[in-house]
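Here's a quick tour of a protein chain for you to follow along with. Keep the picture open and try to find each spot as you read.

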Amino acid sequence: ESKSLKLYQGSFAQTRFAGGAEEVAAILKRDLSNAAGAPVEVAVNTLDTWTPTIDDLPGELLEEAFPDVSITDFEVNPELLEKAPAAIDTDVKDNIRAAVWRTNLFRSLCPVTGQPDYASVSVALTGEAVDPRSLLKYLVSYRAHRGFHEQCVEQIFHDLRSRFTFTSLEVQACFTRRGGIDINPYRSMGPKMPEFVIREGRQ
């Protein structure tokens, strides 16, 4: 049953697999075979193996750029956001930065059902330099937060804007689909909307 499969796969959230995709595939194969009462074959594909009929949100992928970041907060915590240390970030000049970052690790919870909602999130900013490591920690801290998609993007926007000075700021999210409908909230300091709607691989 599709919803039970979704809930089962959601139970993998926040579980670390030392064996990577191969270990995940082996566990899926075992459990699905037991449930079906017959052998089930499973293949786990990374997003970059999909055909190019989809796009990625813009920006450097935070979890790839900073794989050593330790994340321990899973309740929304704006205090995690920090200024960039100039001694480490060579792209920061006079504490000003123009950058675009994204993550595929965002998850929140439906405020009605409590079920998980997964998304890719992109943040584009110009102005006071934000430490991208702290941004990754902050975005992942939504994992136990109950909020609608639009509310989550609005809160990300306001938490950033209340702590830093920007000349431009854009927050965009592509959530996994519900009932065949894409939900892609966008919040910006400017009057323009994105030039086109992005569909991520997970949608």
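Let's begin with the largest nonpolar core of this predicted model. This core has 31 residues, and the ones with the most contacts inside it are Phe106, Val121, Leu135, Ile156 and Leu160. Two or more residues each come from strand S2 (96–109), strand S3 (116–128), helix H4 (132–140), helix H5 (149–163) and strand S4 (166–178). In soluble globular proteins, nonpolar side chains tend to be buried together.

**Around the core**

- Who does Phe106 touch? Leaving out residues up to four places away in sequence, its partners are Asp117, Tyr118, Ala119, Val121, Leu139, Tyr142, Cys152, Ile156 and Phe175.

**Thr103, a residue of S2**

- Is Thr103 buried or exposed? Thr103, which sits in strand S2, counts as buried because its relative accessibility is 1%, and the cut-off for buried is under 20%.
- A polar atom of the Thr103 side chain lies 3.0 Å from the backbone nitrogen of Leu105.
- If you skip residues up to four places away in sequence, Thr103 touches Leu61, Glu63, Ala119, Ser120, Val121, Leu136 and Leu139.

**Asn77, out in a loop**

- Look for Asn77 in the loop between helix H3 (62–65) and S2.
- Asn77 and Val140 are 63 residues apart in sequence, yet their C-alpha atoms are 9.5 Å apart in space.
- Asn77 touches Tyr138 and Ser141, again not counting residues up to four places away in sequence.

**Helix H2**

- Helix H2 covers residues 20–36, which makes 17 residues.
- From its first C-alpha to its last, H2 reaches 24 Å, close to the 24 Å expected at 1.5 Å a residue.
- Which residues of H2 are buried? They are Val24, Ala25, Ile27, Leu28 and Ser33.

**The whole chain**

- You can count 5 helices and 6 strands in the chain.
- Reading from the N terminus, the elements go α-α-β-α-β-β-α-α-β-β-β.
- The chain has 203 residues, and 40% of them count as buried.
- Among contacts with a separation of 6 or more, 69% are between residues 24 or more positions apart.
- The accessible surface of the chain is about 11,600 Å², and carbon and sulfur atoms account for 53% of that.

Notes:
Residues are numbered from 1 along each chain as its sequence is written. This is a predicted model: local features need pLDDT of at least 70, side-chain atom pairs count only at pLDDT 80 or more; totals for chains, interfaces and linings use all residues. Side-chain values use heavy atoms; hydrogens and water are left out. A nonpolar core is a set of buried Ala, Val, Leu, Ile, Met, Phe, Trp, Tyr and Cys residues joined through side-chain atoms within 4.5 Å. Buried means under 20% relative accessible area, exposed over 50%, partly exposed in between (1.4 Å probe, protein chains only). Helices (H or I, at least four residues) and strands (E, at least two) are DSSP runs, numbered from the N terminus. Contact means heavy atoms within 4.5 Å. A polar contact is a pair of N or O atoms within 3.5 Å; within protein, one must be able to donate a hydrogen and the other to accept it, and residues adjacent in sequence count only if both atoms are side-chain atoms. Accessible areas come from the Shrake-Rupley method with a 1.4 Å probe; for residues, only the protein chains shown count as cover. The expected span of a helix is 1.5 Å times one less than its number of residues.
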